[in-house]
Amino acid sequence: MSNVTRNDVWELAKSRSRDLVQLVSDLIRIPSENPIGSQREVIDFVENYLKEAGIEYEEVSCNPKHPNVLAKMGTDDGFSVILNGHVDVVPAGDRSQWEWDPFGGEITDKQILGRGTSDMKAGVAGLLFAMKVLKDSGAELKGNIRLHIVSDEESGSEYGTTWLCEQGYAKGANAAIIAEPTSNWTIESGQKGNLHIIFKAIGKSAHGSLGNYKGDNAILKLNKVLTHIDLLTKIEGHYPEYLLQSLANSQMVAEKELGVPGIGNVINHVSANVGLISGGTRPNMVPDYCEATIDCRLPYGVDHEEIENAVKEMIEVSDVTGVEYELRWKSEANVTLDDSDIVKAIKKNAEAIWGITVYPAWQWACSDAREYRMQGVPTIQYGPANTEGIHGPNENVDIEDVINAGQIYVLSLCDLLGIE
């Protein structure tokens with residue numbers, strides 16, 4: 001039986017803080033853009049890191065261009081926690097907009113610079129670091145850690161977390177931590193659902209010079225429907241009493257994070273964005289077809305029937321004919337309860353490390369967390385980040401945030417796996 005204590009593990013983590021910072025830099029220096037690049041080199045790096053740490057791993061995939069790495073340590077008995085992170089990054093884009101090399105991995109006095117620092121190689125580094133610290137400490141785990149490193153998150157997760165869950169790799173897990181970027185004072189514990197509404201307007205072509213007299217303009221017809229988009233956005237979520245405090249916290253977080261008065265309503269209302277529209281073939285022809293796609297994010301409790309009724313009403317009140325629709329569902333709203341073991345562990349240790357109040361809150365968007373929650377696995381997201389730089393030029397992360405996140409992961413794993 002190991003005599004290694006929680007404090008012993010923590011001290012080891014603190015003594016290796018510079019190793020963690022360097023690990024982030026090393027990952028950044030490996031370009032892994034998706035969809036224009038390859039993740040092969042960064043996956044090789046992860047596998048080599050695990051090999052040198054003495055942690056058994058395997059590579060699995062359904063697409064050789066997007067391999068995933070699985071690793072496990074501990075015993076089959078007891079609490080089982082998944083650590084998830086993606087190593088693909090969005091393209092760096094126009095290099096002239098960057099003040100530094102996006103793949104330089106430069107370390108300054110206070111920050112690490114480059115594409116993927118916040119989204120989410122700093123988080124991946126923290127997970128790898130936590131596993132290595134626990135391995136090297138010799139602490140006895142009363143349960144197991146299951147690592148899921150994926151290479152296809154930025155393009156939809158079809159070959160990453162979604163596929164892993166479909167193949168049963170999350171089966172039997174008691175919790176999952178995804179090291180996606182968050183603020184240090186918020187734990188992502190839920191998110192809205194997602195669907196696309198495709199409107200299709202059928203008109204009748206004619207010569208453009210006669211457009212006011214002949215033909216049936218499909219673009220104008222569909223425009224009449226889209227002006228009633230408020231019939232979607234006025235739909236509110238439906239919450240049992242035990243979720244009302246979580247709802248209030250989530251609205252407060254949204255207001256503070258996004259900085260727009262009243263934007264907290266994005267949490268408990270449907271959001272609807274007309275993101276794509278196409279119609280017509282030539283300017284001198286009355287268009288006989290127009291199509292628009294609306295991206296909808298659904299609050300908790302909103303069901304298929306409620307959305308479809310609103311869509312039908314949009315068409316009805318527009319007083320047009322020849323407009324059809326299609327609903328393409330992606331996911332339902334999903335939550336992890338505030339009293340779950342994983343939320344309590346991360347909250348306790350984040351508050352202790354940062355000395356602040358940390359709030360579990362729901363996202364206004366969606367992510368891989370839904371895949372684990374759909375499998376019945378309580379899941380949270382918490383990761384080091386400067387969120388304002390994500391997916392833009394000059395992405396960076398604070399060194400303090402990286403080091404603190406690494407310690408929060410280590411201490412939370414100790415608590416979940418019985419290291420006292």
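## Spaces and their surroundings

The largest cavity is lined by Q191, K192, Y239, I267, P299, Y300, A333, N334, V335, W362 and Q363. The model is a predicted one, in which local features need pLDDT of at least 70 and side-chain atom pairs count only at pLDDT 80 or more, whereas totals for chains, interfaces and linings use all residues. Residues are numbered from 1 along each chain as its sequence is written, and side-chain values use heavy atoms, with hydrogens and water left out.

On a 1 Å grid over the protein atoms alone, a cavity is a set of points where a 1.4 Å probe fits but cannot get out, while a pocket is an open set with protein on both sides within 12 Å along at least five of seven lines; a lining residue has an atom within 4 Å of a point. Grid points are joined across faces, edges and corners, and a volume is the space filled by probe spheres set on the points. One cavity of 30 Å³ or more is present in the structure. The volumes and the make-up of the linings are set out below, with Ala, Val, Leu, Ile, Met, Phe, Trp, Tyr, Cys and Pro counted as nonpolar, Asp, Glu, Lys and Arg as charged, and the others, Gly among them, as polar.

| Space | Volume | Lining by class |
|---|---|---|
| Largest pocket | about 710 Å³ | eleven nonpolar, eleven polar, eight charged residues |
| Second largest pocket | about 220 Å³ | three nonpolar, four polar, six charged residues |
| Largest cavity | about 60 Å³ | seven nonpolar, three polar, one charged residues |

The largest pocket has a volume of about 710 Å³, and of the 30 residues that line this pocket, P181, Q363, W364, A365 and Q381 are the closest to its centre. Two or more residues of that lining come from each of β7 (186–191), α8 (244–258) and β13 (359–363), where helices (H or I, at least four residues) and strands (E, at least two) are DSSP runs numbered from the N terminus. In the second largest pocket, which has 13 lining residues, the closest to the centre are N184, A385, N386, D398 and D401. As for the largest cavity, β12 (334–335) and β13 each supply at least two residues of its lining.

Strand β7 is largely enclosed by the rest of the structure, because six of its six residues are buried, that is, under 20% relative accessible area, with exposed meaning over 50% and partly exposed in between (1.4 Å probe, protein chains only). Strands are said to pair if DSSP finds at least two bridges between them. β7 and β13 pair in the parallel sense over five bridges, with A361 in β13 as the bridge partner of E188. β7 and β12 run antiparallel and are joined by two bridges, and Q191 stands opposite N334 of β12.

W364 lies in the loop between β13 and α12 (369–374) and, at 32% relative accessibility, counts as partly exposed. Contact here means heavy atoms within 4.5 Å; leaving aside neighbours within four places in sequence, W364 is in contact with K192, A254, E257, L258, V266, I267 and R297. W364 and Q251 are 113 residues apart in sequence, with a C-alpha to C-alpha distance of 9.6 Å.
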